[in-house]
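Thanks, everyone. Please have the sequence and the model open while I talk. I'll go region by region.

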Amino acid sequence: MGNGVVYCSILLLLFVKLGPGLSSNIGVDDVLQLPGTEHREDRKHHLHGQMNSDPTSPGVKIFGFLKDIEVGNTRPFYFAHIQDPTSLEFFPEEQIRDIPFTSEALPQLLRFFSFSSDSPQAMTMKQTLELCESEPPKEEVHHCATSLESLLDFAHRVFGSDRITILRSPLVSNSTPPVQNYTVVESKEIWTGKMIPCHYQKYPYAVYTCHFDMVSRNKLFALSLRGDNGDTVNPVFICHLDTSMWDADHIAFRALGVKPGESEVCHIMPAQDLFLLPK
């Protein structure tokens, strides 16, 4: 990958776990289907069961419009509590290099991690492996990163640069209500152009599905929100400007009451996910 410097901003959690063992803990309260993971029809079956598609779920309150982040506006937002933040951290590559990462090896993997074939863990592992082995849609490339090195190598191939910015929304305190009204204190556009969203997947160790859409138009914002309880949250907020090619049944449309192509669709970037940008 070269010897370029990796730049990080907003909040970059420690990605390399220092402990010697592998963890089977899954630490995210609520995983929503987000733009880029399920708006493609040919991927929908891979994510069924990992994604919450209930439009009445509190988690849909991550979605909004550009007008919602104008300074002074107040509206409810949802922020998931991360039960175990260490589950989001990459293990050193040398610890997982010799562990197969294929559906074909699933029986061997289940024995390795001591999961029964009919366990919930086996099902989520199967879904993650199938997603990682699926063909990406036309005009999109994707990659499943199982280590920090793998993540940065993919970004280097896409951007042609070793200078990478990694953005992540900060964790919220467990004392912060998952849903409450927030007032927009500051809203700053921080990026328009090439970007790689990476979505956390349930697996015995950290796996992120990263994808680069060569034709999508997106804007990133850094927000400062003040909750009714006085807490301040500073998330990353993304707006997808062209939704005309999305699945009409996408949860965002049902949550916002719009149809494909009618408007932009924006959402809080959950703390379990990442953005990679060229520096």
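R97 is exposed, at 54% relative accessible area. On the terms: buried is under 20% relative accessible area, exposed is over 50%, and partly exposed is in between, with a 1.4 Å probe and protein chains only. R97 sits in the loop between α2 (93–96) and α3. Helices here are DSSP runs of H or I with at least four residues, strands are runs of E with at least two, and both are numbered from the N terminus. Now look across to S147. R97 and S147 are 50 residues apart in sequence, yet 9.1 Å apart in space, C-alpha to C-alpha.

A word on what you are looking at. This is a predicted model, in which local features need pLDDT of at least 70 and side-chain atom pairs count only at pLDDT 80 or more, while totals for chains, interfaces and linings use all residues. Residues are numbered from 1 along each chain as its sequence is written, and side-chain values use heavy atoms, with hydrogens and water left out.

The overall counts, then. The protein has six helices and 13 strands. It has 279 residues, and 54% of them count as buried. Take the contacts with a separation of 6 or more: residues 24 or more positions apart account for 76% of them. Contact means heavy atoms within 4.5 Å.

Next, the helix pair. Two packed helices are described by the angle between their axes and the distance between the axes. Here the pair is α3, residues 106–113, and α4, residues 120–133. Their axes come within 11 Å and cross at roughly 135 degrees. The axes are lines fitted to C-alpha atoms, for helices over the stretch in contact, and angles run from 0 to 180 degrees between N-to-C directions. So α3 and α4 are oblique to each other. The cut-offs: under 35 degrees is roughly parallel, over 145 roughly antiparallel, 65 to 115 roughly perpendicular, and the rest oblique. The crossing is right-handed.

K126 forms a salt bridge with E130, with the closest N and O atoms 2.7 Å apart. A salt bridge here is a side-chain nitrogen of Lys or Arg within 4 Å of a carboxyl oxygen of Asp or Glu. K126 and E130 are four residues apart in α4, so about one helical turn separates them. K126 is partly exposed at 37%. E130 is partly exposed too, at 24%.

How many salt bridges does this rule give? The count comes to four. Side chains of opposite charge can pair when their charged atoms come close. Is R75 buried or exposed? R75 is buried, at 14%. D68 is also buried, at 15%. Another bridge joins R254 and D249, at 3.5 Å between the closest N and O atoms. R254 is partly exposed at 36%, and D249 is partly exposed at 42%.

Now the backbone. Two loop residues have positive phi without being glycine. S114 has a phi of about 60 degrees. S114 lies in the loop between α3 and α4, and is exposed at 63%. E139 has a phi of about 70 degrees. E139 is in the loop between α4 and β4 (140–145), and is partly exposed at 41%.

Last stop, near the end of the numbering. L277 is in strand β13, residues 274–278. At 5% relative accessible area, L277 is buried. What does L277 touch, leaving aside neighbours within four places in sequence? Its contacts are F159, R163, I164, T165, L167, W191, K194, M195 and L220. Pick out M195: 82 residues from L277 along the chain, with the C-alpha atoms 5.0 Å apart.

That's the tour. Over to you.

Technical notes
A crossing is left-handed if the near helix is turned anticlockwise from the far one by less than a right angle, and right-handed if clockwise.
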